[in-house]
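Here are a few exercises to work through with the model open beside you. Try each task before reading its solution.

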Amino acid sequence: MTESLLAREGGTARWTCPFCVLLCDDLSVRTSASGASLELADGQCASARVGLARFSATPSAATPLIDGNAAELSDAIAEAARILAACRQPLFGGLGTDVAGARAVYRLACETGAICDPAGGTALMQSVRSLQDRGGFSTTLAEVRTRADLIVCLGELPAAEAAEFLARCGLGEASLVPQRHVVLLGDAAAGQAELTALARHSGVTTEVVPLHGDLFSTVALLSALLARRAVRSAPLPLAALAERLRAARYAVIVGQTGRLPAKGALIIEGVQRIVSTLNSTTRAGAMWLGGGNGAGTVNEVFTWLSGLPLRSRSGPAGLEHEPLCFDAERLLADAAVDGLLWISSFDPTCAPPDSPVPLVLLGHPDLASPAARVGSVFIPVSTPGIGSAGHLFRADGGTVLPLVPVYRDTLPTLAEVVGSITQDVRASRAKAASP
């Protein structure tokens, strides 16, 4: 077993945070003065502070529920298997888990023919669909930190699930990049205070370039300017940005998929055209920050194992990928599924949508309330990086970071629970098929 951080390091420990897509591994965690909760010992990340506040300093005593009543773990697993084995078309949603959990969920999805779509699946699919349709140029946090002299943020500065992104870029560290310029392509009011703070760093300058129409129109116009197409009355700030991009040694365009408009895939394609044009004469890349709460990790794992991303299923016709039809919200609204397995190990606010279909809920102990109804099963599971070890993919996709538990949990891991459910489903179906 992996030793817990607090036990190993005497009460304050270095810690990798699982609560945003950046997976910052330079933080410290400790028990609060009261001894009742966890808190950051250093660092200012809001995501980490909020995430830690959702956990006590000792392992949870939460118990499984069947129809809202307390049950033994073995009975809850058996009932969850019964529900899923009886489904003609189950839906697996939420998908807030780590690599081991994702591998177990994939095996269960193949066993049951489930459609899999994470919480925030629409935002995740925007970057996936753009990559499928047009390809793209990506980059890594290390490349941005050590090379980027121009960073262009689309619409707004990174926030929410990647609030520390610009801090991770090494702004002000002259030994990395002596001079950096940060551009907000959007509304000045949305990030002026943050830009002013960034400009205090040595060697960092900032600028706001207003949108020309909406974000899609602005990206399209910037692409045309970089391709030296004839453009009528281009705004001077946008034309100056095009020249700055051409002159940059390494430009990076950054966006958050969860904050793009409905047709965000078209904006992503436009950005990739810009990057492609730049790479004919200099170097450039794009980074799309999204897939938090484990969704990006599950998408990577499913793609390894099947060759297809999420919004896929192993059905009667073999593997099927339908990024529009297999939208969880659409499927539930159309009553196209007859069972829901919802997984949310990290975030208790990521609750399953209201639906009359039978529910199997696996996740944070505080998620018990949505499962307090007839036709439901709730099994609390350990959170990777808090009560158990695990691995997650970082936002740049090419890096997997290990998570070491803060303490040794009494709850089972998601991989253990899903593995047991899969075994019971197989046994149930084998029994039904036998003469």
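This is a predicted model: local features need pLDDT of at least 70, side-chain atom pairs count only at pLDDT 80 or more; totals for chains, interfaces and linings use all residues.

**Exercise 1.** In which loop is A389 found?

Residues are numbered from 1 along each chain as its sequence is written, and side-chain values use heavy atoms, with hydrogens and water left out.

Step 1: look between strand 17 (376–380) and strand 18 (390–393); the loop there holds A389. Strands (E, at least two residues) and helices (H or I, at least four) are DSSP runs, numbered from the N terminus.

Step 2: check the distance to P402, 13 residues apart from A389 along the chain: their C-alpha atoms are separated by 7.4 Å.

**Exercise 2.** Work out how helix 5 crosses helix 11.

Step 1: take helix 5 (residues 121–134) and helix 11, whose axes come within 8 Å and cross at roughly 50 degrees. Axes are lines fitted to C-alpha atoms, for helices over the stretch in contact, with angles from 0 to 180 degrees between N-to-C directions.

Step 2: pick out the residues in contact (heavy atoms within 4.5 Å). Q126, S127, S130, D133 and R134 in helix 5 meet G264, A265, I268 and E269 in helix 11.
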